[in-house]
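Colleague: I am new to this structure. Please take me through some of the labels and say what stands behind each.
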Amino acid sequence: MLGVSGSWFHKWKDKPVTTREVRRGQLAEAIRRVFDASGGTYGSPKVWITLAREDGASR
């Protein structure tokens, strides 16, 4: 159905989470937090500025 072998699927399913996947998840959560806090009004430029300011404040 998916067009992949069963062995490939099980290899993929059981692989550990990578550092990149963890970071992308954290970024997605941060974007969602800023967007929700804006009442859904911020677009990508304002979300980016907000996250950049937060990152600068944490350093």
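Colleague: Why does tryptophan 12 count as partly exposed?

Modeller: This is a predicted model, so every value is computed from it. Tryptophan 12 has a relative accessibility of 46%. Buried means under 20% and exposed means over 50%. The 46% of tryptophan 12 falls in between, so the residue is partly exposed.

Colleague: And what makes phenylalanine 9 partly exposed?

Modeller: Its relative accessible area is 29%.

Colleague: Where do phenylalanine 9 and tryptophan 12 lie?

Modeller: Both are in helix H1, residues 6-13. They are three residues apart, about one turn of the helix.

Colleague: Why is serine 38 called buried?

Modeller: Serine 38 sits in the loop between H2 and H3. Its relative accessibility is 15%. The cut-off is under 20%, so serine 38 is buried.

Colleague: Which backbone atoms does the side chain of serine 38 reach?

Modeller: One is the backbone oxygen of phenylalanine 35, at 2.7 Å. Another is the backbone nitrogen of glycine 40, at 3.3 Å. Polar contacts need a distance within 3.5 Å, so both values meet that cut-off.

Colleague: What lies 2.8 Å from the backbone oxygen of lysine 46?

Modeller: A polar atom of the side chain of threonine 50. Threonine 50 belongs to helix H3, residues 44-58. Leaving aside residues up to four places away in sequence, threonine 50 touches Val34 and Tyr42.

Colleague: What makes arginine 53 exposed?

Modeller: Arginine 53, found in helix H3, has a relative accessible area of 60%. Exposed means over 50%, so arginine 53 qualifies.

Colleague: Why does proline 45 count as exposed?

Modeller: Proline 45 also lies in helix H3. Its relative accessibility is 56%. That value is over 50%, so proline 45 is exposed. Proline 45 and glutamate 21 are 24 residues apart in sequence and 23 Å apart in space, C-alpha to C-alpha.

Colleague: Which helices each supply at least two residues of the lining of the largest pocket?

Modeller: Helix H2, residues 19-37, and H3 do. The pocket has a volume of about 210 Å³. Its lining includes Arg23, Gln26, Leu27, Trp48 and Asp55.

Colleague: How many residues of that lining are nonpolar, polar and charged?

Modeller: Five are nonpolar, one is polar and four are charged. Gln26 is in the lining.

Note on methods:
Residues numbered from 1 in each chain as written. Predicted model: local features only at pLDDT ≥ 70, side-chain atom pairs only at ≥ 80, totals over all residues. Heavy atoms only, no water. Helix = DSSP H or I, 4+ residues; strand = E, 2+ residues; numbered from the N terminus. Buried < 20%, exposed > 50% of the residue type's maximum accessible area, 1.4 Å probe, protein only. Polar contact = N/O pair within 3.5 Å; in protein donor to acceptor, adjacent residues only side chain to side chain. Contact = heavy atoms within 4.5 Å. 1 Å grid on protein atoms, 1.4 Å probe; cavity = no way out; pocket = protein on both sides within 12 Å on 5 of 7 lines; lining within 4 Å. Points joined across faces, edges and corners; volume = space filled by probe spheres on them. Nonpolar A, V, L, I, M, F, W, Y, C, P; charged D, E, K, R; others polar.
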